Every structure is written in structure tokens, then in C-alpha cells.
Amino acid sequence: MNTEIFGVVATFIITVLLAIPLGRYIGKVYSGDKTWLDPIINPIDKLFYKAGGINPTKEMTWQQNLVALLVINLVWFLLSMLVLMNMSWLPLNPDSNPSMSADLAFNTTISFVSNTNLQHYSGESGVSYLGQLLLMFFQFVSAGAGMAACAVVFKAMKEKNSDKLGNFYVYFIKSCTRVLLPISAVIAIVLLFNGTPMTFQGKDQFISLQGDTVNVSRGPAAAMVAIKQIGTNGGGYFGVNSAHPLENPNYVTNMMENICIILIPIAMIFALGYIIKRKRFAWMIFGVMTIGFLLLVIPSIYQEMKGSNAIHKMGLVQKLGSMEGKEVRFGPAASAYWGITTTVTSNGSVNAMHDSFTPLTGMFAMLGMMINSFYGGVGVGFLNFYIFIIIAVFISGLMVGRTPEFLGKKIEAKEMKIAAIIALLHPFLILVGTAIASHLYAQNPTAYAAWLNNPGSHGFGEMLYEFTSSSANNGSGFEGLGDNTPFWNIACGLVMVMGRFLPIIGPVAIAGILAKKKYVPESAGTLKTDTSTFAIMIFAVIFIIAALSFFPALALGPLAEYFGMR
Amino acid sequence: MKLHWRRTLVQQNNIEQGNACSAAQVKAIGFKICIISALKLVSKNSASKNKIMAKNQSNKLFEPALINTALKQSFIKLNPRIMFRNPVMFTVEICTAVMLAVCIWIATGEKTQGSLLYNLIVFGVLFLTLLFANFAEAIAEARGKAQADSLRKTREETPAKWIQTVGEMYVNEVKIVPSSQLKKGDVFLCEAGDMIPMDGEIIWGIATIDESAITGESAPVIRESGGDKSSVTGGTKVLSDKIKVRVTTEPGESFLDKMIALVEGASRQKTPNEIALTILLAGFTLVFIIVCITLKPFGDYANTPITIAAFISLFVCLIPTTIGGLLSAIGIAGMDRALRANVITKSGKAVETAGDLDTLLLDKTGTITIGNRKATNFYPANGIDAAAFTEACTLSSLADETPEGKSIIELANINVNTFKTDGAKFIMFTAETRSSGIDLHGGIKIRKGAYDAIKNIVTKAGNGFPEETAERVRLISSNGGTPLVVSENNRVLGVIELQDIIKPGIQERFARLRKMGVKTVMVTGDNPLTAKFIAEKAGVDDFIAEAKPEDKMNYIKQEQQGGKLVAMMGDGTNDAPALAQADVGVAMNSGTAAAKEAGNMVDLDNDPTKLIEIVEIGKQLLMTRGTLTTFSIANDVAKYFAIVPALFITSIPALQGLNIMHLHSPESAILSAVIFNALIIPMLIPLALKGAAYKPIGASALLRRNLLIFGLGGVIEPFIGIKLLDLLVSVWF
């Protein structure tokens with residue numbers, strides 16, 4: 001027991017200890033300060049600039065930055081649709097896997113371009129190696145694009161009065177070459193030494209103890225596993241993701257992968273502190289996020305280690321805790337810890353079946369995605385948090401009798417309008433999506449029987465989870481849901497697009513508008529945003545807006561299940 | 001009665017002293033000095049008491065007369081076209097209409113929606129919620145209007161002596177007309193005892209005026225043509241002498257009229273901050289619309305029929321009705337509080353901006369120091385007789401109209417009538433000589449002036465400047481005083497010390513401002529050394545010494561370029577550009593029309609320290625909005641826990657575990673929540689009208705305090721309130 005808890009605590013502490021220097025490094029990268037990797041990477045970057053016709057010294061406005069982000073994503077979308085729908089005859093397909101149907105390709109493309117990595121297919125049989133490599137490419141660029149958007153906001157927060165907010169392409173290339181690639185390379189090599197395959201050969205065979213001949217899928221997996229974790233992508237090489245022994249061979253790789261899941265999301269906060277030269281502010285944000293995270297993770301670990309109430313009522317002893325859907329090599333604590341880290345960030349890789357978590361753990365995983373800003377996805381996690389900061393600043397500014405201002409900029413109607421729309425978007429997408437699915441199912445349960453393996457409140461939870469995961473760009477699933485149907489492919493695809501790009505556009509727009517405003521120097525009457533009082537304020541805003549809106553839905557899903565089991 | 005007594009006193013004083021003065025052949029000065037000393041006599045007696053009385057008028061929150069109008073208004077405001085301005089309450093109105101339809105539906109035989117009584121109660125409570133919100137706005141309007149009316153009442157329909165130009169050849173004719181017939185540009189005459197019929201500007205004459213009807217300040221004031229004290233206000237009374245006044249505003253367009261229109265809502269525009277908050281509240285409302293509408297398919301999935309009443313109750317409880325219902329009342333109450341402080345604001349925005357001010361420009365004279373500099377000491381040079389020196393000082397100041405000059409005569413306390421000034425020649429102050437004085441008939445030349453000016457005269461004549469006098473001059477300067485050297489026939493007689501007297505308690509006020517984050521800047525014509533001394537003594541943060549009108553303007557612009565909001569107070573025409581430039585420009589009511597036009601507030605009291613009050617009113621306005629928003633949203637936690645279990649408990653009994661308040665039944669839970677939601681609005685009306693208390697304890701401490709009271713309180717209170725209501729309601733449901 002204690003060893004399990006020690007493992008989890010150690011994982012978290014190591015993560016934070018690594019994130020602090022990494023954050024400094026990322027801060028230096030975006031500020032253009034010298035780093036020790038410069039001599040190696042400068043020439044590579046120059047190559048990209050030259051090939052792309054990019055003038056790295058030309059700064060862009062927030063609108064230009066957004067256009068760049070959207071255009072580059074459109075190109076990726078088209079490229080991906082083309083490859084996924086034609087991969088059966090394209091090269092690098094030793095296992096002769098088929099091409100995707102249009103709706104599945106749409107879902108998969110959006111899923112990877114939007115950094116969601118929701119997978120309505122299984123890696124072993126659903127895509128060729130070329131497809132996997134393409135998806136791996138998206139895992140880099142979608143993470144890089146999110147980080148670049150965040151860098152634009154950082155720059156905007158730093159500016160006293162300017163509409164020049166850096167160059168999206170430069171931030172994007174730097175994010176990929178200086179942050180994602182080097183870390184991924186290290187992780188991939190470690191995985192390789194622990195047994196994760198990295199090959200272009202087709203399936204391997206072995207004869208099991210029973211004497212059966214078993215085909216084992218393999219491929220260029222180590223590289224993909226590394227970036228899926230470090231870029232909060234989560235799209236596994238194999239169907240069962242990091243529960244698969246080849247993706248996540250042992251407890252050490254599990255710790256390492258779990259560290260990678262929240263490493264950059266935490267580091268981005270410290271990068272912010274470095275860039276805008278407000279370390280206290282960064283620590284305040286880290287504090288809010290960490291408290292939120294702990295409030296989700298501690299009860300989850302407790303619930304999983306305690307075991308299921310339903311089994312307990314049958315009179316069975318659960319010495320190991322709730323082991324349904326978990327890997328023996330990880331155990332309930334590490335699985336629950338992973339389950340929450342992967343959902344609070346927009347990662348979505350799994351090392352256990354989330355469907356099989358005890359009801360409350362399932363709910364905390366959903367809450368992590370509903371809030372989507374306790375660390376959050378690389379770059380985008382802070383962007384979501386930024387919206388909550390704006391709303392908290394507005395309300396608390398009023399509470400101290402001063403027109404609200406954030407980092408010396410007055411927050412007025414236009415910014416509030418954007419913030420309100422973005423804050424509203426997430427509940428809208430999740431609740432409306434789930435409502436449509438519930439409506440269809442309730443009208444005709446027999447026609448849609450294939451959707452739900454578990455009817456009742458758990459089935460409701462599965463549908464709620466799917467839309468939550470899509471809207472939060474998480475990508476994990478309550479896998480009881482039969483989700484490879486046109487309805488789920490298209491509905492989730494649309495939710496993912498909106499859940500990805502609008503929450504990027506909103507904060508960048510707010511930050512851009514604020515950057516152009518007149519700078520008001522701080523006075524004794526100005527509300528300090530780096531205090532514990534303000535931290536409580538943000539936390540309250542997040543709790544009331546992001547968590548309470550889902551209370552009725554959660555009551556019908558996991559809460560009803562939980563109280564039903566008691 | 002009191003007023004009458006005072007007037008007689010002033011007149012008597014005038015007569016006595018006036019007679020005495022006339023003998024002294026310095027009529028013009030003598031007259032003024034007489035008035036001033038007379039005024040002092042009066043003001044010392046009763047000014048402060050009267051002022052308090054005036055301010056306390058109608059300070060009760062709910063007066064029966066106002067409640068009647070407000071009640072009527074709350075029904076009139078149910079008009080959807082009026083409600084539409086407030087998105088939150090507008091949605092409540094729609095919900096109320098839907099509930100009415102549901103009640104009719106049930107009355108015609110529908111069975112699935114629960115009992116008719118239950119639905120009728122929900123409808124009734126929602127209707128009350130609307131009325132409460134409307135009442136809050138209406139009572140705020142009524143109070144503001146009553147306050148403005150009481151100011152306006154005095155000036156309605158008073159007879160005016162209109163000066164009519166009969167023809168070019170003939171003299172003007174004075175005709176008595178009702179004040180309402182006067183138009184902008186007309187000229188009227190006012191004599192002792194007359195009520196001034198309209199706002200205007202004196203174009204001829206000088207008079208003492210009793211402004212107590214407007215300001216509550218009983219001490220009469222002097223108003224004269226030309227210069228910065230030429231404005232008169234309708235409703236005030238001329239106590240002595242005769243003035244001709246030109247009307248400056250069209251009837252119905254005075255500042256007060258404009259303010260009443262603002263309060264009544266006819267021309268009330270939402271301030272930027274109010275708009276931003278409305279957007280946020282609309283955002284919350286939309287979220288909860290989504291939450292409630294999607295609940296229908298969720299309920300279908302779980303085979304849980306949810307009644308329309310339950311849906312609507314959940315929705316109305318979740319949306320921020322508390323702040324939505326009180327929002328406009330808070331804004332109106334802000335303007336009303338300004339008016340109670342005798343400040344007329346030209347827009348709601350000005351009050352809001354006042355809360356944000358970073359820098360206050362304050363004139364030294366009257367704000368930081370009492371009145372003007374006063375002579376405090378005579379220091380005769382060695383070998384000069386003290387009495388002779390005092391006499392020389394008095395002689396040199398006989399024609400000196402400046403307050404300083406008058407204070408010298410006061411300090412000397414010699415009967416000026418004993419002087420033989422026949423044939424004497426008064427030498428006026430000029431910028432070149434920087435001295436003034438008198439050439440007596442007998443050839444004696446007395447001069448009084450700045451140290452270097454007199455030194456120049458003395459040394460030119462070949463006389464030395466006594467060392468001990470020079471030392472005394474230095475000493476006075478370094479103590480913040482102003483030395484005036486007096487010479488007789490080019491020989492130094494001694495020094496007069498002029499001192500500024502800093503208002504008692506002003507240091508504390510500046511300390512309070514500093515805690516609020518407001519920087520104070522003293523504007524003075526003094527030399528930098530004196531200015532610095534007074535600035536330090538009074539505790540202001542910065543000063544502008546030897547200030548010219550354009551210096552104020554430049555300072556304001558410079559601060560604004562640094563992103564700061566600046567306020568200033570002024571009365572003169574040359575203050576007008578700076579008043580217009582400042583973010584909050586407060587013009588004194590006694591000031592020129594140009595100054596009043598340029599500023600965005602008019603202070604009826606002419607009290608330079610009023611800016612401090614205005615800042616607090618602005619802060620209170622914003623704080624009241626913020627705290628009630630927080631309270632409103634924090635309430636949702638308890639309401640969720642009351643209503644959500646109630647919705648599902650019949651079909652999913654396990655959810656009883658969520659009913660942490662142990663409410664009696666679904667119906668009683670829902671009713672308790674909506675009743676609480678409705679009752680909280682009238683309970684908070686006093687807070688909305690009075691404003692949340694502002695304490696200058698620093699922003700973070702203030703946030704902590706308000707978060708605790710309104711945030712944590714807002715979470716806990718409804719749990720208690722709903723539970724108590726449930727105990728009551730459960731008797732029937």
C-alpha cells in the first residue's frame with residue numbers, strides 16, 4: 001500500500017522538480033534568449049525558415065498570428081484526409097490494413113490535428129505505418145501549434161503597449177525543434193531500451209504457453225509513445241494505449257510516461273513567470289492548478305485503493321483495491337494517478353480502463369476534463385485558465401471598488417464578451433452533445449442499442465464522457481461506448497474542432513486587445529493578482545462556472561451510480 | 001426663523017461697520033472687510049450645526065411617500081419593452097409567463113405537471129421576484145428624484161425682476177415675471193431680500209448671498225461680477241446689495257434638470273463597467289439556459305419526467321437574479337449618494353471613474369490650508385518701535401485688496417479711522433516692482449514687498465539691509481512662511497510673517513487617500529521652498545509650485561499619458577481647459593459658467609475637499625456591484641443542492657444521498673429555493689442603496705474581507721435560509 005502511494009508521490013515531486021528548470025528553458029526559447037541547444041538547433045531552424053519563406057524577425061498582430069495558425073491547420077487537415085482514406089495502397093503497409101471510411105477519417109484527422117487523439121479505430125488494425133507516422137507528425141505539430149498560440153499570449157501579457165506579438169511560425173518551429181523534439185528523443189530512447197518496438201517490419205509471431213501461434217503487431221511505436229505523452233496528445237500506437245505492454249512495459253516507464261504527461265503543461269506556467277518577469281504570479285497559478293489537481297487525484301486514489309463497493313457487498317475481499325480494468329504491474333494507485341493526470345491535462349492516453357474506474361474516480365476524470373485547465377493541454381491549458389483569470393479579475397476588481405485591470409490593462413465590455421463566450425462554449429458543447437445523444441437513445445433504445453454496453457446511469461456517463469473528452473481535446477474514452485458510427489464520428493469531430501480552435505482564438509484575441517491598451521501603472525489601490533486571496537477567487541470562479549454547470553449531468557451519471565452502489 | 005434672524009444680524013453688522021468704514025475714505029476695501037468680519041461672526045455660530053442638519057434630511061431609506069410611487073412603478077416596469085434592458089430579469093419575466101400558461105393548462109385538466117396550488121405558488125413567487133427587482137430600481141429612482149426635487153423646488157415659480165430693453169433711447173424697464181418665463185440670455189435684477197429665480201452669471205454688482213438652501217452652509221457668501229465667483233444659483237437668496245444677473249441656461253436644462261433625467265432613466269445610459277457586467281451576467285444566464293434545456297433529454301434518458309415548474313424553478317434560481325434585479329438600483333443609488341453629498345454629476349460614468357482615480361489635483365488654498373495666508377507676526381528691525389512698525393504695516397496695507405493685505409490689518413488691530421490719509425497716494429502692486437505701499441501727504445513713503453524687491457530699493461538708496469532682518473527672512477521661509485519686508489523711506493522697518501494654516505485633520509484624509517492608492521498633488525502659487533514645506537506638513541505626495549493655469553493642464557496630461565486617471569477641482573474660467581482635460585473635473589457651483597460647463601461634476605457646497613468623498617462614492621458603487629455579483633453566484637451552490645436531487649429523487653431514489661440539507665420533499669425543496677431566491681432581493685435593497693462599506697485597507701485585504709462576507713457568506717447563507725424555509729413549507733408540501 002505505502003509503496004504504491006510513495007510511487008505516486010515521487011512521480012509528482014519529480015515532475016515538479018523537472019518542470020521548474022524546463023519552464024525557465026521554454027521561457028528563454030520564447031524570449032529569444034541564449035540556450036545551450038542553440039548551436040545545434042539554430043541551423044535547423046534556419047533551414048525551416050528558408051524552406052517556408054518565413055522572415056523570423058517580422059512580428060505579427062494577434063489577428064495575423066491567428067490566421068497563420070488556422071491556415072496551417074487547414075493544410076494539415078487536407079493532407080491527413082488524403083492519406084488516411086488512401087493508405088491501403090500507399091507504401092509502408094506491411095500488415096495490409098484498410099483505408100478509413102470518410103467519417104472515420106474525418107474524425108481521426110480532426111482528432112489528431114486538434115491535439116485530441118480520440119481514437120475510434122485500433123492502431124494495430126486500423127492504420128498503416130504511413131498512417132501512424134503521419135499521425136505522429138500531427139502529434140508534434142498540433143502540440144507545437146498550441147504552445148505557439150500560448151507564446152503569443154505570453155508575449156501579449158508582457159507588452160506594455162504594442163500590437164506586435166511575435167511571429168507565430170517562429171514560436172511554432174521553436175516549440176517543435178527546441179522543446180518537443182529533444183525531449184521526445186530522450187524518452188523514445190529510454191522506452192526502446194525497455195522493450196518498446198521501433199521497426200518498419202510487419203507483425204511478429206510467437207507461440208504461447210498454450211501452444212497457440214500469436215500474431216503480435218509492432219511498428220515505429222517508441223517514437224510515437226514519446227510524443228503522445230510529452231505533447232499531451234494521448235493517441236496510442238496500439239488500441240489499448242499505455243496499458244499495452246509494448247507501449248508501457250514496466251513501472252519505471254509508467255512513471256516516466258506519467259511524468260511526461262504533465263511535464264510541459266506545468267513547465268509552461270513557469271515559462272510564463274520567466275517571460276513576464278512575475279515569478280510570484282506563476283507560482284500563484286501553479287498553486288491554484290495544483291490544489292485543484294490534488295482535490296481530484298487524492299479522492300480518486302483513495303476510491304481505487306479502497307475497492308468497489310459492489311464487490312465488497314458480495315463479501316469478497318479486495319486486498320489490492322479495485323483491480324477491474326487495471327494492469328497488475330501498475331496497481332490501483334498508479335492507475336488512478338494516471339487517470340487523473342491524463343484527464344486534467346488534455347492528454348487522454350490511458351494505462352487502465354477508465355470505464356472500469358469506481359464511479360467517483362470516473363466522475364473526477366470527467367471533472368478534470370470539464371475544467372480543462374488544471375495544468376491542461378500543452379499551451380492550451382494556460383489559455384483556458386487565462387479566461388478564468390479574466391473573469392476572476394473582473395469580479396474581484398469590482399469587489400475592491402476599482403474598474404478591473406489585469407497586468408495594468410483595463411478589462412472592459414469587449415474582453416468580457418469574448419471571455420463569456422469561451423467560458424460558455426465548453427458546457428455548451430458537452431451538454432448539448434450529450435443531450436442530443438440521450439434524446440436519440442431515449443426515443444428509440446432498440447435502434448441505438450449498439451451504442452451502450454451498459455444502459456442506465458453508467459451508459460449515460462459513457463456518452464457524457466465521450467463528449468467531454470472531445471470538447472476538452474482529451475481523447476480518452478469510457479470504452480463501453482460503441483463509438484465508430486457516423487453519428488459519433490461526425491458529432492465528436494465537430495465538437496473537437498470547436499473545442500480546439502475557439503478556446504485558442506478567444507484568449508489570443510483578448511490578450512491581443514489588452515496588449516494594445518494603455519498601460520496603467522500599479523498603485524496601492526490596484527488589486528494584486530499574485531496573492532493567495534486572488535488564487536481563492538480564481539478557484540471559486542472555476543468551481544462555479546466550470547464544475548457546477550455539470551452538476552445535474554453528473555448527478556444523473558456517476559453520482560447516481562455511486563449512490564446506487566452504496 | 002433661524003434664517004431670518006441671521007439675515008438681520010448680517011444687516012446690522014453691515015450698518016454698524018459700514019458707517020465706521022465710510023469715514024476712513026477707503027470705501028471699497030472697508031466695505032469688503034466689514035462683510036468678511038460680519039460673515040465670520042455668523043459662520044462661527046451656526047455654520048457647522050446647520051450643515052449637518054441639511055445633510056441629514058431624508059436619510060431614511062424607505063419613506064412612505066416614496067414607497068407608494070415605487071410600488072406603482074414596479075408594476076409599470078413589468079412592461080416587456082422596459083424589462084428588455086435587463087436581460088437577466090427579462091428571462092425571469094418570460095419564465096413567469098410560461099408558469100402562468102402552465103397554471104391555465106393544469107386548470108383545464110392536465111395531470112402530469114403537479115397540483116395547481118403548487119404551480120400557482122411557483123408562478124406567484126416568480127411574479128414577486130419580478131416585482132421585487134422592479135421595486136429596487138423604482139425606490140432608487142424615487143429617492144434620487146426626491147433629493148433632486150427638494151433642490152429644485154426652491155427655484156420654481158419665483159417672481160423675477162426681468163430687465164427689459166424698451167428701446168435704444170430709453171432706459172431699461174424692470175418687469176416682474178414668473179421665473180419660468182426667463183430664457184437663456186435674459187437679464188434680471190436682484191436686490192436685498194430677493195430670491196434668485198434662475199441660475200446665472202452676475203454681470204454687474206456685488207452682493208452677499210445666502211446659499212444655505214442649496215449647500216446647507218449657513219454662512220453667507222460674496223458673489224461679484226467678473227472673476228471667478230460670478231455664478232449664482234436659483235433658489236438662493238440675496239442678503240445685501242444689488243446685482244444684475246444674466247441667465248445661463250434654458251429652462252429645464254440646468255445641471256439639476258439633467259441629473260433628474262439621468263436618475264429617472266429617461267437619459268440614463270449604461271456605463272462601460274455596467275455593460276461589461278451585464279455581458280458577464282448574460283453569459284451566466286446562457287450557461288444556465290443550456291444546463292436547464294439539456295436536462296430534458298437527460299431526464300428522458302433516465303426515465304425521469306421533470307415538470308415544467310421544476311425546470312423553471314431551477315433556471316430562475318441559478319441565473320444571477322439577485323444582482324440582475326439590483327444592478328440598475330445600484331447605479332442610480334451611486335448618483336443619488338453623490339447628490340446627497342451635494343455633488344451634481346452629469347453622467348453615471350463620472351461617478352464610476354471617480355472610484356478609479358489615481359491622482360488628485362488640489363488647490364492649496366481652501367483645500368489644504370484654511371483660506372489664504374495670514375499675517376501671524378510682526379518682527380520690527382533692531383531699534384524700530386514695535387507700535388510704529390505695526391502702524392506702518394497697516395498703512396502699507398490699506399489699499400491692499402489681497403487676503404494677505406487684509407490679514408495684516410486684522411492682525412494689527414488698529415482702528416483705521418484714526419489715520420490721516422488725506423492726499424495720500426496708494427501704490428499698487430505690479431509685477432515689476434513686486435511691492436506696494438502708500439505715499440503719505442507728508443512725504444513718507446512706505447513700501448511692503450518681497451525680500452529681494454525691498455532689498456533692491458534699500459540698497460539702491462545706499463542703505464544697508466539689517467543682518468538680523470535678513471536672518472529673520474530666511475527663518476520664516478524655511479518654516480513654510482512667507483516674509484514681507486516693510487520699508488519707510490528706503491529704510492528697513494521689519495518683516496511681516498505670513499503663514500499658511502493647514503486644515504486640522506487634513507493629514508489623516510491624505511493618509512486615507514494614500515491607502516486607497518490615490519496620489520495627491522498640491523497646486524500653489526507659492527515658491528518651491530514654501531510649497532515643499534506645506535506639502536510635507538500636510539502630507540501630500542507631490543506639489544506644483546508657482547503654478548500657472550497651464551501648469552495644471554500639463555501636469556494632468558503628463559499623468560494621463562502615464563495611464564493614470566486624474567481629477568481636479570476648479571472654479572475659474574482659466575481652469576476650464578484643465579477641468580475638461582481631467583477625467584473627473586469638479587467645478588464649484590460658485591465658479592464661472594465656463595468652468596461648470598467644462599467639468600463633469602458640480603459641487604454645490606464649493607468644498608474643495610469634496611473630491612475625497614467623491615472617490616469613496618465611486619469606489620462604493622463598483623464594490624456594491626462586485627459584492628452582490630459574488631453573492632448572487634455563490635448562492636447557486638446551495639440552490640443546486642436543493643433542486644437537483646429534487647428533480648430526480650422520485651425515479652432514482654439513490655440520489656437521496658445528494659439531498660444534504662435533508663429537505664422534506666421535492667416540492668418543498670423547489671418552493672423553498674425559489675422563495676429564498678425571491679426574498680433575498682428585497683433583503684439586499686438597503687445594501688444596494690447604501691452601498692457596500694468601503695474601507696481603505698488595501699486591495700488585497702479588501703478582497704479577502706469581501707470574499708469572506710459575500711463569497712463564503714453567499715455560499716453558506718442560502719443553505720440555512722432554504723433549510724428554514726423548507727421547515728415552514730413542508731407543513732403543506
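**Figure 1. One salt bridge is counted between chain A and chain B.** A salt bridge here is a side-chain nitrogen of Lys or Arg within 4 Å of a carboxyl oxygen of Asp or Glu. The partners are Arg402(A) and Asp358(B), whose side chains meet at 3.0 Å, N to O. The model is predicted: local features need pLDDT of at least 70, side-chain atom pairs count only at pLDDT 80 or more, and totals for chains, interfaces and linings use all residues. Residues are numbered from 1 along each chain as its sequence is written, chains are lettered from A and ligands numbered from 1 in the order in which they are written, and side-chain values use heavy atoms, leaving out hydrogens and water.

**Figure 2. The interface of chain A and chain B buries about 5000 Å².** Buried area is the accessible area (1.4 Å probe) that two parts lose on being put together, summed over both. Carbon and sulfur atoms carry 77% of it. On the chain A side, Leu398(A), Met399(A) and Leu556(A) lose the most area to chain B, together 14% of what that side buries. In all, 64 residues of chain A are in contact with 60 residues of chain B. Contact means heavy atoms within 4.5 Å.

**Figure 3. Glu247(A) forms a salt bridge with Lys228(A).** The closest N and O atoms are 2.4 Å apart. The pair links distant parts of the chain, 19 residues apart. Lys228(A) sits in helix H8 (221–230) of chain A. Glu247(A) lies in the loop between that helix and helix H9 (251–275) of chain A. Helices (H or I, at least four residues) and strands (E, at least two) are DSSP runs, numbered from the N terminus. Over all chains, the whole structure holds 34 salt bridges.

**Figure 4. Helix H15 of chain A has a kink at Leu425(A).** The bend is about 30° and comes shortly before the proline Pro427(A). Such a bend is the angle between axes fitted to the seven residues ending at a residue and the seven starting there. The helix covers 31 residues (413–443), so at 1.5 Å a residue it should span 45 Å. That expected span is 1.5 Å times one less than the number of residues. The end C-alpha atoms are 42 Å apart, which agrees.

**Figure 5. Strands S1 and S2 of chain A form a hairpin.** S1 (residues 204–207) and S2 (residues 213–216) run antiparallel, joined by four bridges. Two strands pair if DSSP finds at least two bridges between them. Gln205(A) has Asn215(A) as its bridge partner. Five residues lie between the strands. In the turn, Gly211(A) has a positive phi of about 95°.

**Figure 6. Six strands of chain B make an open antiparallel sheet.** The order is S11-S16-S15-S14-S13-S12. S11 (374–380) and S12 (425–427) stand at the edges with a single partner strand each, so one side of each has no neighbour in the sheet. The twist averages 20° from one strand to the next. Axes are lines fitted to C-alpha atoms, for helices over the stretch in contact, and angles run from 0 to 180 degrees between N-to-C directions. Helix H15 (residues 403–412) of chain B lies across S11, S14, S15 and S16, at about 60° to S11(B). Helix H17 (residues 467–478) of chain B lies across S11, S15 and S16, at about 10° to S16(B).

Figure 7. S10 (residues 359–363) and S17 (residues 519–523) pair in the parallel sense over five bridges. Thr359(B) has Lys519(B) as its bridge partner.
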